Amino acid sequence: METSSSLSFLLTIPLLAVVISWVIPKALQRIYAIFGSALILALTVYETSGILFSSTTEAAKAYFVDQRLEWVSELGLSAGFRLDGVSAWFLVLSALTTLVAFYLRGIWYRKQPRLFVSMGFFLLFALNSAFLATDLITFYLSYEAVFIPMIFMVGVWGENQKASAVFRFFLMSFAGSILMLVAMFQLMSMHHAATGQWSSHLPDILKVVANVPVESLLWPGAGFLLAFAIKVPLVPFHGWLKEVYVNAPMPGTIWMSAILSKLGVVGVIRFVLPLFPAVIKEYQGALLAVSAVSVIYAALLAIRSNEGKTLLAYSSISHLGFVMLGLFSLSSEGSNAGVLLSVGHAVTSGMLFYLLHQVEERSGNLDLTTSKGLATAYPVLFSGLFIAVLASVSLPGTLNFGGEFLVLLNAYRASALCTILAALGVILGAVYMLRFFQRLGLGKTGTANPVDVLVKKDLSLADLLMVVLLVGIVIYGGINPGIFMKG
Amino acid sequence: MITSMILFPLAGFVINGAWSLWSARNGTRVSPRVSGSIATTAMVAAFMAAIMARAQIPATGSIEVDCFRWFSLGSLSVDFKLRLDALSSIFTLVITGVGAMIHLYSVSYMEEDEAAGKYFAYLNLFCFMMLNLVLGGTLPQVFLGWEGVGLASYLLIGFWYREEANVAAGQKAFIMNRIGDLGFLIAMFIGYKYSGSLDLTTVEKVILPAGVGTSFVLLIFLACTGKSAQLPLFTWLPDAMAGPTPVSALIHAATMVTSGVYLLARLSPVISQSATGMAVIAGIGAATALITAIIACFQRDIKKVLAYSTVSQLGFMFAACGVGAFGAGVFHVMTHAFFKALLFLAAGSVIHGLHGEQDIFKMGGLKKKLPVTFWTFTAGWAAILGLPPFSGFFSKDEILHQALVSNSGSAWLFGVLLIAAVLTAFYMTRLYRLVFFGTPRMDQAKFDHAHESPVPMALPLVLLGVLSLAGGFAGEPVHLAHPESALSTPTWVIMIVSVIAAAIGATIAFRRYSVSEVKAEPTSDVFRIDAVYSKLFGGGLGVIASASQWLEERVVQGMIRMVAAVTDLSGNMIRVLQVGSAQAYLLMMIIALVVMVFYFMKGVV
Amino acid sequence: MTAFEPWMLLVVSILVFCIGLLGLILRKNLLVMLMSIELMLNAVNLCFVTFSKMHQLLDGHLTVLFVMTVAAAESAVGLGLVIAMFRNLRSVDSDQIQLLRD
Amino acid sequence: MHMNEIIQTLMPWLILAAGILVTLLVSVIRVESKRPAQFSALLTLVLTGVSALQTVSLPGEAIFSGSIEISSLTRILLALFSLIGVLFVVGADRYLSKEKIHLSDYYHLLLIMILGAGIMVAAKDLVVLFIALEVMSLPAYTLAGFRRNDSRSNEAAIKYFVLGGAVGAVFLLGSAFLFGATGSTQFPAIYSWSRQSVTGSNLLFAAGHFLVIVAFLFKVAAAPFHFWKPDVYEGAPTPVTGLMSTLVAVASFVTLVRLIHLPALDSTGWEVYAASIKTTIRVLAVASLVVGSLVIITQKNLKRLFAYSSISQSGYLMLGVLASLQPGHGIAPVLIYLFGYVFAAVGLFVLLSQSEPRGDTGVELVDLTGLVRRSPLRTALWSVLLFSMAGMPFTVGFFTKYFIFISSVGSGETPLVVLAAMCAVVSAYAYLRPIGLMVMRDADPGAAQWGGGFWSQLVVVVSVILVVFLGLMPNAMIQYLKGIPLIH
């Protein structure tokens, strides 16, 4: 009773925050946003603590919650949610990411701050319900709802080519998700054919799908996979990503790379793997290959890119390639490792983009063609950035190492070749991340420092606080990664 | 005790790191002396701990301290545990002992540097990681140290990061090490696949199928070539000399670069299973020893010479491991740590004395000026030449002996190593001669200015000098680590041969450079290996990257653009029908109607 | 003098319908086009009558009356529109009305 | 059946008819002001709607010797039509005065249209159906040309008239053939004839059936019978365009479905016939979807844009029709789609009529630029309605598409659904671009002014509320419309 209320609680709080944000005066929006999201983070951790901090998965299982509310009974639609070892961590992550994104100072607090804050909280709501959803249509709706704030983010506070970025982003994702919807319809009508009533509740569907021939599940599976491949994204479905990341305002970029990409991960864990085991099994080789290729290909693009945001955009494709490699190794260990690496990537990329914004404020641009040598002027900022860089090259002792290591370890059993191919990404990662850091921080000072920078001082105490928090997570996760694997 | 051993450097790192960050933020300056003494104290304490821990080791076997469960997933569970046995204790002693001295040395060496706090933090970090490497009870933990020391070395090579060259050198080191680490990773996967665990105790004992075994050995060895600068991945080490000299002494001579030998020795039971693997190791080791010895003869930079000599000496060690004489290898690691650290520090004090002069052809006649440096250097020189009774004599002769007599050894191997020894004698004597004897070849002012280093720098020199003199007699304990290859007293023949070889090399060098007017020789990377690499890999990577960039812009983005264009075009084509005349519409509708009626009827009737 | 053959009338009515259709498509004068529409409707009337003859029913004949009424109304509206157009364009030529197009 | 029972059953229709006379009378008496006519029209519509809703649950009855059947379907539709009427009477108020359309004829013509539509959906006799069709169409022609001094309005009216007239003749020819084949013009008779006849390969019947269907394919503007629509939409006064795309479209589409179901397609011997009907509909669906969604992205003029939008809408509806041909499926998908579409379309066209430039040369996309700064509320309204058109979640547009798609998937039309989905993606671009212009661009110097006045704004708000509410809580509507059978 108490537990099932916790779910609706987690979903309603962000909505409440949206409403409140419209009565808060413009000047206080940032304060409100930060404290609000911090509070939500705390509440989320509190509500899910049973799962988060239980020593083993078995212990955590006691706290898993299922909830189902009737909605459109005529179509068999219900609002079905499930809090479990996977979703719990992603809830925490989305709250954390929101906090980080809100923490950034920028144009979005000067131009229509109300819209920004409310959209941020709405995004949090949509993400949470997507992460919790166990009902196909609930998931689809939340999945689509995530677009609305993102479109505003890019559309209102974005850089110059925002329009084309938005449309590309929206149309590609929409093409994917609507095919996923059709796939859902196929599954639902299978259920209808078998039982005579409509349902979109995952458990019901699973019961039916279990005794459906593989070939008739092929296309639905493809529909789901395509949607998630575009979302994550996997090569070659990443065409939208660069333009959007570069043109989005920094909070938008943080949200996108840290948490939106994880929608695809969760989707695969929640829906694809249980619904279409046979199909996936049949095409496992291809899927692993695609993941490995994404790792390498994106890394190569990152090596070639001459702009900070672009480079990080490609690097996150590369990292997510590792995650998918883990999921497609088709072992619970692999999925867990994937989750762990997703957490790592979320925190790390959040930190990277966060600090990148600080760098941009201090250097005016993120051009990597010339060394800026900013580390001399801003040692603390760049120490933070360096730690983030180390985390993203998944040095042992950081959060990402455990994930990447375990992913590869499990993928190696599935396919040695793909694993070795992907592992090359470890080298390439070092190449581009070090170059990234060197061009921004090292070398002769003042080669590319414009005089009209916004900020001249090193990291402020407030920013330092955030960095310390993130570094803390990174290091703690490096020492005790087990906590993130409760799937 | 063991735990405290690794915690001291960590504490040092944290204190110095936090302090220097804080002061950097406030624009104040960390006092080198204070932070230096903090770091040094930490290392001395660690050394004490190491000695005490050493005392606790049972005659055979090891002490294990289980710290905490690092991560566990499914059947795999990896603990964070420290494991001290004879082998690792040798390394811990070397690391902490030599480390302590070098820290002490650095205190005055880095006196002028405003970032000294950072420097000592990094140095402590390195020692912490290095201890993790040698004490790690599980492969991932070893890997943690393995990559950690790589990080520390990256940081310290590029310590003066305002110079692009230094940063580049650091990156080169890190990335080449990463290539090796890839081998380590995959080797771990294989090991896990076949032993179902990542504990060293388990993996050591695992019996691998033939093919797999070989690939396992080769992958591990790939890791070693990266870390220990063997062919083909040795080119980063000479560049690594961009870092401060004590760093070169500690990381790139005494400790980090020898971790490859440690890994091989640690996994020797598995390694020895694959004859092919062993042969490859021996061959590569010998080849490296020879080639880099040759290159060393053509260097002018005093540190470069020592760097190449380090690579060559490492080659000796790997050759030893390759023929199954892991004990000999480890023994040479120890002695080499003593004398090479000594040589570097001495070189450092020379450079310090000459205010940054590194070209040996701009030196000479420093014997009087720097007496302590001279005498200690002499000890090191004698040791590396392998003159009895200096430490190098024992270890090197044993390696030569094993290369000849051990069942996987051969005359070829012995010959190659012998030639390498001759060359070693040659370039070391060349260096020795050019630096300390003859007439000074730098301007008078500089020569007059040259001064002996202060006590904190001199003291480690002396200590290490003693060690390089007497270290050879510590051979016995080493072989506790590997009873299976007990110390076989080298036959007199080999002793004499090797001494003669050394003598020949030395005399040639002495005669060649004794002429009153030495003409400067150009530096040359004899085999152009570096250039070839940068073309091959740098260029190759560039090509692939450009290719994928082309693919991205033309194909991936092009597809998207094309879809958009096609949609738009077809839309406009349909629009053309909208001519605006009602009668035209009527006509089109009638045509459509007729066509459809035709098909419809065809279906029906 | 052969017996009455319904199909003859059918053929006639179809022909008339087609004539009306062609007129509607080909002629440019709006008034003529209106007439063509009337022609088509009347062709259908003939058709109805024929069929009711075939079936020996009266429904067809009744329908014709309805159709005529509707046709009258329709032509009234049509004429109104044509007049309005003439007021604006001083012309009743169907080529004049091609402003609205893609 | 006694006269008073007939009156009972026909009450809503009779109220409407009486109301028409009253309105006409009022407008003759008080020429100078249009308020009285407006008032009486509103009153009529409200009464009609209420009485229709009151009696909605009564069983269906065939009257006038079976040539008209009043059933819950026809009653709910009449109620819907009256609602549309109310909205367009209220919403068009400002527009009419702005365009100097002083005549109060707008009101009774509108009422007559509604009457025609109301009878058309109830008609069970081809001749009655024809008359109803004309009763609905003639006022439509007139209203299309209502801005008498604007040649574009004229042109729209004449095009509509010429093509409509021709198609009317085609319909009539078709019904003549059906009469010839079956000996009757009444639906039940034709139906039972088809039950008895051993085979569906009766040439005359097939031709007749096809022709009557084609006539209504024209009315709902399914490609390739859609050519008239963009031009007429552009030329006609905006509220009238709105009426066409809601009132006429719904009435015509329901009738189309009924005409398709004219013979008993499931009876033995008709398999081939049914199959070829399905093929034809598939072709039409594909054509409409492709034409609609490909051309819509090239449009600059918003009225033309919505014309093409409605063409692709009829493509989706064709999917619903296909599903309805499947045994065991009703026309619920079609009805739900129509209702959802109407609620959004009313708001859209009223919004469209709020643009200021006199002469109503049609609103271009550029007129929307920077609207969010100029009037945020209107931007929000636009966005919601466009979202609904694009079938985005949380608007009624999502569920209408949802229902169509899932029932087509259920009847094994998945490839067609995938195509439709892709078309939805393409046309989504056309629906979102206006939002982009409103939110992301600064106002273009040439951009039109926007000013609706309270009443029209109220109408828009009402439709937005309906759209959102039904987007969140569609259950009641679906449940209700699912229960309504297709009359035979």
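This is a predicted model: local features need pLDDT of at least 70, side-chain atom pairs count only at pLDDT 80 or more; totals for chains, interfaces and linings use all residues.
Local features need pLDDT of at least 70 and side-chain atom pairs pLDDT 80 or more, while totals for chains, interfaces and linings use all residues. Residues are numbered from 1 along each chain as its sequence is written, with chains lettered from A and ligands numbered from 1 in the order in which they are written.

Q: How are α11(D) and α12(D) oriented, roughly parallel or roughly antiparallel?
A: Helices here are DSSP runs of H or I, at least four residues, and strands are runs of E, at least two, numbered from the N terminus. Axes are lines fitted to C-alpha atoms over the stretch in contact, with angles from 0 to 180 degrees between N-to-C directions. The axes of α11 (271-296) and α12 (302-325) of chain D come within 8 Å and cross at roughly 155 degrees. Angles over 145 count as roughly antiparallel (under 35 roughly parallel, 65 to 115 roughly perpendicular, the rest oblique), so the pair is roughly antiparallel.

Q: Is D:Thr268 buried or exposed?
A: D:Thr268 sits in the loop between α10 (238-260) and α11 of chain D. A residue is buried with 20 or more other C-beta atoms, placed from the backbone, within 10 Å of its own, exposed with 12 or fewer, and partly exposed in between. D:Thr268 has 10 other C-beta atoms within 10 Å, so D:Thr268 is exposed.

Q: Which element gives the most to the side of chain D that touches chain A?
A: Contact means C-beta atoms, placed from the backbone, within 7 Å. The contact takes 23 residues from chain D and 25 from chain A. α16 (396-410), α17 (414-440) and α19 (475-482) of chain D each supply at least two residues to the chain D side. With 12 residues, the most comes from α17(D).

Q: Which element of chain B gives the largest share of the side that touches chain A?
A: Here 39 residues of chain B are in contact with 46 residues of chain A. Elements giving two or more residues to the chain B side include α1 (2-26), β1 (62-73) and α23 (529-575). The largest share, 13 residues, comes from α6(B).

Q: How far apart do the C-alpha centres of domain 1 and domain 2 of chain B lie?
A: Domain bounds come from an automatic or database domain assignment. For chain B they are 274-522 for domain 1 and 535-604 for domain 2. The C-alpha centres of the two domains are separated by 73 Å.

Conventions. Two residues are in contact if their C-beta atoms, placed from the backbone, lie within 7 Å.
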